[in-house]
Every structure is written in structure tokens, then in C-alpha cells.
Amino acid sequence: KAFVVSFEDGRLEEKHLLGGKGANLGEMTRAGLPVPSGFTITTAACLSYYQENRTLTEQQKQEIATALTRLEQQAGKKLGDAKDPLLVSVRSGAVVSMPGMMDTVLNLGLNDETVEGLASLTNNPRFALDCYRRFIQMFSDVVMGIPHYRFERVIEARKVERGIASDTELTAEDWREVIQQFKAIVKEESREDFPQQPEEQLHRAIIAVFDSWNNQRARIYRKIHKISDDLGTAVNVQMMVFGNMGEDSGTGVAFTRNPSTGENQLYGEYLINAQGEDVVAGIRTPEPIQSLAERMPAIFTEFREISRRLEEHYQDMQDIEFTVERGKLYILQTRSGKRTAHAAVKIAVDFVEEGVIGKNEAINRVDPDHLDQILHRRIDPNVQLNVLTKGLPASPGAASGLIVFDADHAERLSQNGKKVILVRPETTPEDIHGIVAAEGILTSRGGMTSHAAVVARGMGKPCICGCEELQIDLKQKKIIAGNTVMKEGELLSIDGGTGKVIKGQVPLIDPELSSEFQTLLQWADELRQLRVRTNADNPKDAAKAREFGAEGVGLCRTEHMFMEADRVPLVREMILAENMAERQEALEKLLPLQQEDFYGIFQSMDGLPVTIRLLDPPLHEFLPNLEELLTEVARLSVAPDTDRLLLKEKEDLLRKVRSLHEFNPMLGHRGCRLGLIYPEIYAMQVEAIFLAAVQADQAGYQVLPEIMIPLVGHVNELREMRNLVEETAIRVKEQTGHTLPYTVGTMIEVPRAALTADEIALEADFFSFGTNDLTQTTFGYSRDDAEGKFLHQYIDQKILPENPFITLDTGGVGKLVEMGVRAGRSVKPALKTGICGEHGGEKASIRFCHDTGLDYVSCSPFRVPLARLAAAQAAV
Ligand code: ADP
Ligand code: MG
Ligand code: MG
């Protein structure tokens with residue numbers, strides 16, 4: 001198999017070998033688009049390079065030499081030719097696009113001799129010298145590891161000396177001077193002369209691009225986006241075309257549709273007399289693409305036509321890089337464009353309506369994980385904001401946080417639980433960890449296609465770019481907008497959808513679903529087999545979830561009702577009761593409150609099933625903290641004027657808290673173990689459920705209560721509790737003269753329940769897999785301890801592939817789920833099964849639930865749309 005492939009032989013099917021950039025350059029070349037010639041060195045060569053201790057094999061070197069000769073023939077120029085030199089770019093190109101994370105070298109092939117050839121050939125010494133200085137800068141940075149700023153400083157100093165603002169005003173003579181100084185820096189930093197041999201330049205650049213696969217920012221990016229470290233990158237060697245040849249030249253980047261909103265309109269920007277890096281690096285703020293229509297009308301028309309063709313060919317929104325050399329257009333890259341969730345949904349739905357793709361494909365086009373963004377809260381439009389200034393709306397969403405000026409600091413603060421806004425003149429790929437840590441990003445320079453914008457959109461973070469009225473003073477750590485000065489650490493908000501920079505915190509409101517999103521979800525509903533319910537503990541959440549399409553409540557946790565401030569004293573009274581009569585008294589006070597809770601939920605879930613779980617956590621969770629109480633008692637007992645009565649009260653409380661103290665509450669007296677030891681508690685809850693059901697029924701609502709017994713490990717536990725429910729039902733019937741249908745089921749959340757599911761199913765109308773606890777009990781991890789102490793290291797060291805509390809461990813926990821479903825249905829084919837752990841809102845786990853044949857998943861209200869989509873994807 002060849003290690004080197006010319007563009008005219010490259011195809012999309014070979015993307016795994018050619019990388020995304022290489023495969024698309026091949027595809028475009030074969031489609032006859034104006035792509036400068038070149039060749040791709042495959043990812044297989046990269047993997048071999050790492051295997052061979054970072055060397056290329058003789059065969060690979062030979063193939064590169066052959067491909068270069070072919071390129072020289074196509075170009076009619078030779079690398080290193082003193083009169084008419086071939087110049088190339090050496091470009092990274094991974095299989096999964098990682099914009100800006102790896103390295104690229106432009107203008108390779110220049111040296112002291114060829115630069116003169118280029119100057120006289122083009123009759124443009126300034127241009128040739130500009131290319132040479134760019135090449136020295138990039139090569140030194142990428143290949144020799146010499147920091148970029150050393151060169152930037154020379155250019156800055158030169159501009160100051162000449163009293164000018166922009167690079168384009170520097171003359172040939174200036175560049176000649178600058179190049180001399182650049183070479184001195186290279187010598188000083190690396191103790192070698194800047195390499196003059198073009199073959200050596202090429203070889204070293206190729207190797208540097210292979211090496212850039214493992215640079216820090218690429219590693220971080222892969223980690224965030226869950227891209228494997230073992231793929232390697234391809235390298236593209238391509239003939240240079242020049243956007244820096246004068247006013248009839250330029251370079252730009254454009255998306256075929258708006259990547260922020262999805263609107264079907266070219267979206268991009270360009271710079272006249274510049275090379276590609278200038279646009280994406282955000283050093284000069286570029287012009288919007290629409291103005292190209294006036295500046296270079298023919299080029300604009302041609303570009304629009306090409307972008308239409310590319311979109312049609314790939315059946316997806318494209319992100320295209322182009323360069324104009326003396327009035328001729330070249331396409332340098334196309335890839336499917338990164339976009340916000342909002343745009344992803346609109347584009348997918350529009351494509352169906354335009355007849356480009358089918359509904360199933362549209363459903364697959366939207367990543368459920370991405371939907372978090374749409375379902376996020378946004379700024380309340382009815383509130384007066386203190387708007388400081390406006391920038392380009394580069395990635396939508398609202399964010400508030402403390403102003404921070406550098407990425408490391410942002411990372412540190414966020415590790416300490418602070419929310420920050422990263423404010424920079426521009427961001428570079430080195431800032432990636434700061435972008436990850438920040439709630440939002442604000443830059444004063446750079447356009448909507450700058451690295452900051454692209455990366456932020458990919459991560460769904462709010463971002464504002466090119467906010468030029470904002471002065472950022474990195475030395476004094478402050479920003480100035482008009483008359484307002486804000487310092488590091490002050491609270492700032494941004495609205496990435498409108499570009500508004502706002503002083504202080506902003507009030508947020510719940511999201512609404514766009515009509516396109518509704519459409520997509522309707523298609524998803526037609527397709528999916530899993531039902532989607534919600535975990536809701538109060539009428540408000542239940543109503544919200546219903547609005548988002550929930551088909552019932554899968555888990556109503558009654559303890560949350562106990563924790564409301566005005567209930568806590570009553571709950572404590574109940575727990576602290578010294579005897580049955582006292583406890584009964586407290587319970588009677590709680591009953592009407594619980595009844596009210598359930599009534600509200602039944603109301604908002606009119607016509608849909610509601611699963612209510614009886615009390616689950618250990619009782620001491622409702623009592624004061626042991627240590628705090630100890631301190632209090634100690635303080636009271638030494639204080640000179642102590643109130644004796646109060647002290648006695650506190651001591652009694654302390655005794656009770658001590659007696660309820662458990663070494664391992666997660667495995668202690670909780671779940672149905674409470675119901676068995678204190679049946680009166682469960683009896684009160686069940687009575688409240690039935691009374692509320694009767695009440696709701698009489699008010700005209702359709703009620704379908706499902707009573708769920710938690711933490712069952714032995715069928716006898718469930719049998720006892722079922723009896724209790726049935727007895728209570730009879731009591732309520734006698735009391736009210738009403739009966740209503742109800743069911744009784746159990747959580748499957750300890751391994752023994754899954755293992756004996758056939759016995760348990762005889763007493764259960766439904767199973768709900770409580771995969772949070774089932775994960776804890778299967779792994780033997782206590783979640784609170786594991787996540788703080790060792791789980792993150794486990795994942796970093798790849799001992800576990802993923803956090804099992806986030807993505808269901810199908811190999812272990814999932815086996816128990818399968819076993820439970822199978823055994824349960826073997827004795828009761830109509831047994832209803834669902835999942836109510838947090839996994840019920842995670843796409844991979846939802847797929848597993850579909851494959852296992854569960855009836856429903858249940859998740860938090862804001863994840864319901866996500867679950868609808870993920871369930872459809874599982875069914876496609
Ligand atoms: P990245 O993956 O970071 O976008 P690229 O390999 O696409 O890196 O290169 C960065 C920029 O360099 C491109 O936007 C393009 O404008 C410019 N470039 C790359 N190759 C050439 C070339 N052969 N001629 C002119 N410009 C080029
Ligand atoms: Mg690129
Ligand atoms: Mg549980």
C-alpha cells in the first residue's frame with residue numbers, strides 16, 4: 001500500500017489514510033475545482049514513523065521524492081531552483097478535523113538564493129521578502145521550536161521605528177532588515193544557521209507535522225472531543241499560491257451557511273493582500289465576505305458557485321478556505337463546518353425540506369450531547385442591561401463570570417469552582433485549556449472564523465470576537481469600554497448571540513424550542529421505540545418536562561419534598577419521636593402536605609403515568625450534622641450563662657443523631673429497609689398518594705399512579721411492602737368510597753435484585769433500573785468518594801474507559817440490566833421496564849436501553865428532548 005498519494009488519486013473513501021484535508025483536496029481536484037497541485041503522505045506513514053522511533057523508512061523517503069518530482073512536473077517549477085523556485089506548504093491533516101491544533105508551514109523552499117529568483121520573476125521584491133520572512137517565522141516556530149513572539153517583536157519594533165501601524169506598509173527594504181534580524185535570532189536560539197537546503201527543509205517540516213500530532217493542545221483537544229490518540233495525522237505537501245501579491249490578491253474563509261444560526265447564507269471573511277494564517281489567527285480583523293461582491297465581483301460569483309457545488313457534493317454545510325492570486329481563485333480546503341446545536345438543527349431540517357437528505361439522516365446529523373446548548377438558559381429579554389459595548393456574535397449563549405486575562409489563570413480559578421470569562425486581544429490554539437475552563441470568551445480582535453470562534457462553537461461556549469471598542473490592558477489587568485473601567489476579577493457577562501458585553505450578572509430565563517427543533521423532534525418521535533419519561537419531584541418540573549415532550553414521570557423522589565424548609569421541622573419531629581404514638585402524630589401533620597405535592601404532579605401529568613418512589617435516603621440526612629452538633633453542645637456546656645433547657649434539647653438531639661449515625665450510609669438503613677422497620681412512614685406516603693389520586697380524579701384528571709419500592713434485594717422485602725400498599729388502598733377505599741387503578745413495582749438497584757429478578761417479578765408490576773445505585777453496588781464504589789478520590793485518575797490512566805456514573809457500563813452493570821429484564825419477563829411477559837438513573841439522559845446509555853428492549857428511559861426535564869432524539873438515533 002502506498003504511503004504517498006497525489007491529489008488527483010485521492011478520494012473521500014480513503015479518509016482514514018489521507019486525513020480529512022487530504023481526502024477532500026483529492027475529491028475537489030478530481031471534481032475539477034481549482035486546487036493547487038500536491039500530494040498526501042498518509043496516516044499510515046505517521047503511525048510507522050512513531051513505530052520506527054521517529055524516523056521515516058527508506059521506502060517512504062523514496063515515495064516522497066517520486067511524488068515531489070511529479071509535483072514539479074505539474075507545476076513546471078523545481079524545488080530550490082534559483083530562477084523559478086517551487087514553493088510548497090506542508091500541512092497537517094487528521095482524520096477527524098482538529099482546527100488549528102496541529103502545525104502547518106507555508107512558503108517552504110525559500111532561501112537566500114531562491115528569494116531573489118522569486119523577486120525578479122514576479123518583479124515584486126517586497127512580496128518575495130514578505131514570503132521569506134513568513135517562512136522563517138513559521139519554520140522556526142514549528143520545526144525548530146523558537147517562540148513566535150521573538151519574531152513578532154522585531155516586526156513591532158520596526159513598525160514603531162517607521163511610525164506605521166500595519167504590516168502591509170512595510171517596504172522591501174524593511175523586510176530585508178527584518179530577515180537579517182530573524183536569522184540572528186535563529187542562530188542565537190538554535191545555534192545553527194537557518195537551513196538553506198530545500199530538501200532538508202521539506203524533510204524536517206514533514207517530521208515536525210507528524211510530531212505536532214502529540215503537541216499539548218492537540219492532546220487536550222482530543223481528550224475533550226473523545227478522539228483516539230492512535231489515529232495519527234496525514235501530511236499534505238501542496239504548491240503555494242499567493243494571496244499576498246498585492247491588491248488583486250487575498251485570502252479568506254467562508255461557511256456555506258451561517259454556523260451560528262444555520263441561516264442559508266454565505267458567512268465568512270477575507271483579507272486583501274494577505275496569507276491564510278492572517279485570517280484565522282485573528283491578527284488583523286478581516287472584511288465580511290459579502291463585501292467581496294463589490295471588491296472582486298467575478299471572484300465572488302465564482303466562489304459562491306463553488307460553495308454551492310461543494311455543499312451539494314458533500315450534502316452538508318462546508319467550511320471553505322480560499323486564496324486569490326492576482327485575480328485567480330484557488331480553493332485550499334473544504335470540510336464539514338463546525339456549528340452550534342442551533343445551526344445543526346436548522347441546517348438538518350432545511351436540508352430535508354430542500355430535498356438533499358432524508359428524515360432519518362437529519363436525525364443522525366444532530367449530536368444529542370450538543371443539544372445542551374439549545375436547552376440552556378438565555379438572557380431575559382425584558383430586563384434592562386448595562387451594555388458596555390458590542391462585538392461580533394461568534395457563538396451564541398449567555399455567560400457570566402469573573403474577568404480573567406490568561407488561560408492558565410482561567411484554568412486555576414475554574415478548578416477552584418469559580419466561573420470565569422476569558423478576555424484576550426485574540427486567542428491562539430495555545431489558549432485551548434483556558435477556553436475549556438471559561439464560561440465564555442471575549443476577544444477584541446479577530447473575526448467570526450478566528451480560532452477562538454471556531455473552537456468555542458465546537459464546544460458550545462458563548463463567544464464574542466472582534467470587539468474593537470474594548471481596550472484590553474494586559475499589563476494593568478483591566479478593560480476599558482467608553483467611560484467604564486473593569487478590573488480582573490470583576491463580574492462580566494456576554495451574550496454570544498447578539499455580541500453584547502454586559503457589566504455584572506445577567507438574569508437568565510428558560511429556553512424555548514425553535515420550530516425547526518420541534519419538527520426534528522416530531523420526526524424523532526415517529527421513529528423511536530423507547531418512551532421518554534422524566535425525573536420530576538414537583539409540579540413545576542413535571543410541567544416543564546411535559547412541554548419538552550415527556551410521556552410521564554419515571555421517578556418522583558419523595559425525599560426532596562421532605563427537604564423543603566418548612567417541612568424539615570415536621571420531618572425531624574417524626575424521626576425523633578420516642579414512640580409509635582408520637583411518630584403517628586408527626587406523620588399525620590405531614591400527610592396533607594404530601595397529598596398536596598402529589599396532587600400537583602398528578603395535575604400536570606394528566607393522562608400520563610407517574611411513578612412515585614417511597615422514601616429512600618437514610619433518616620439522618622434530615623437531621624443536623626453530627627460534628628456541628630457536637631461543637632454546639634460543647635460550646636453550650638462551657639458557656640457561663642447557658643440555658644439548661646436548650647442544652648438538654650441539644651443533648652437529646654445529639655443522642656438521636658449518634659444512634660442514627662452509620663459507618664456506610666449508602667449501604668445502610670435506607671430504601672425499603674426503612675419501610676420495613678418503620679411501616680408507618682411508608683403507609684403515610686401511600687395514603688397521601690391514594691388520597692391525592694382520588695382528589696385529582698374527582699377534579700376530572702386522569703391519574704395513573706405507579707408506586708415504587710426502592711432498594712429491594714430479596715423478594716420478601718417487596719412482598720411485605722406490596723401488602724402494605726394493598727392494605728392502605730383498602731383503607732382509603734373505606735374512607736373515600738373510591739378505588740382507582742394503580743400498580744406496584746420496584747427499583748432494581750442492587751445486584752441481588754437483578755440476579756433474582758424472576759422471583760421478584762412475581763411481586764412486581766414493573767421494574768425501574770436505578771442505575772446510579774446499581775453502578776455503585778456493582779462496582780462497589782461509593783460515588784461521592786470515588787469521584788473525588790480516584791475515579792478521575794482511573795479514567796486518565798485508561799483503567800476505566802469512561803466514568804460509569806455518566807455512561808452506563810454495558811459490560812458489567814449493563815449485563816445485570818439485561819439479566820434482570822430477561823429473567824423478569826420470563827415469568828411475566830408484560831412486565832414494564834425502564835431506567836431512571838442519570839444514564840437515562842445520556843446518548844450511549846439510551847442506545848443500550850433501546851438494544852436491551854426496555855420500555856422507557858426517564859431523565860431530568862431539560863434532557864427530555866435529547867433523550868427523544870437519542871432514542872430515535874438508536875432506532876434508525
Ligand atoms: P489548519 O489546519 O490550521 O487550518 P492549513 O493546513 O489549512 O492549517 O493551513 C493554514 C492556512 O494556510 C490555510 O488557511 C491556507 O490559507 C494557507 N495555506 C495552506 N496551504 C497553502 C497553499 N498551498 N497556498 C496558499 N496558502 C496555503
Ligand atoms: Mg485549514
Ligand atoms: Mg437508588
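In which helix is Arg655 found? Select Arg655: the residue sits in helix 24 (residues 644–660). Helices here are DSSP runs of H or I with at least four residues, strands are runs of E with at least two, and both are numbered from the N terminus.

Before moving on, some ground rules. This is a predicted model: local features need pLDDT of at least 70, side-chain atom pairs count only at pLDDT 80 or more, and totals for chains, interfaces and linings use all residues. Residues are numbered from 1 along each chain as its sequence is written, while chains are lettered from A and ligands numbered from 1 in the order in which they are written.

**Stop 1: around Arg655**

Stay on Arg655. This residue is exposed, with 11 other C-beta atoms within 10 Å. The scale counts other C-beta atoms within 10 Å of a residue's own, with C-beta atoms placed from the backbone: 20 or more is buried, 12 or fewer is exposed, and in between is partly exposed. Leu626 and Arg655 are 29 residues apart in sequence and 9.8 Å apart in space, C-alpha to C-alpha.

**Stop 2: the domains**

Colour by domain. The assignment gives domain 1 (250–336), domain 2 (378–509), domain 3 (528–618 + 679–875) and domain 4 (619–661). Such bounds come from an automatic or database domain assignment. Centre on domain 2, then on domain 4: their C-alpha centres lie 48 Å apart.

**Stop 3**

Two strands count as paired if DSSP finds at least two bridges between them. Strand 21 (residues 478–481) is joined to strand 22 by 4 bridges. Zoom in on Ile480: it stands opposite Val485 in strand 22.

**Stop 3: ligand 1**

Select ligand 1 and its shell. The ligand is surrounded by 20 residues; the closest are Ser89, Arg91, Thr104, Gln238 and Gly276. A residue counts as near if its C-beta atom, placed from the backbone, lies within 6 Å. Several elements supply at least two shell residues each, among them strand 7 (233–239), helix 10 (277–280) and strand 12 (328–336). Strand 5 gives the largest share, 3 residues. By class, the shell has 7 nonpolar, 10 polar and 3 charged residues. Nonpolar means Ala, Val, Leu, Ile, Met, Phe, Trp, Tyr, Cys and Pro; charged means Asp, Glu, Lys and Arg; the others, Gly among them, are polar.

**Stop 4: the annotated C-terminal span**

Select residues 514–875. An unreviewed UniProt entry lists them as "domain: PEP-utilising enzyme C-terminal". The end C-alpha atoms of this span lie 24 Å apart, and the span is 57% helix and 11% strand. UniProt positions follow the numbering used here, feature names are shortened, and annotations may be inferred rather than shown by experiment.

Next, pick strand 29 (residues 704–709). Of its 6 residues, 5 are buried. Strand 28 (residues 609–613) runs parallel to strand 29, joined by 5 bridges. Pro609 has Leu704 as its bridge partner in strand 29. Strand 29 also runs parallel to strand 30, with 4 bridges. Here Met708 is partnered by Gly745 in strand 30.

**Stop 6**

Which residues does UniProt list for "binding site"? The unreviewed entry lists Glu749 and Asp773. Glu749 lies in the loop between strand 30 (743–748) and helix 28 (751–755). Glu749 is buried, with 27 other C-beta atoms within 10 Å.
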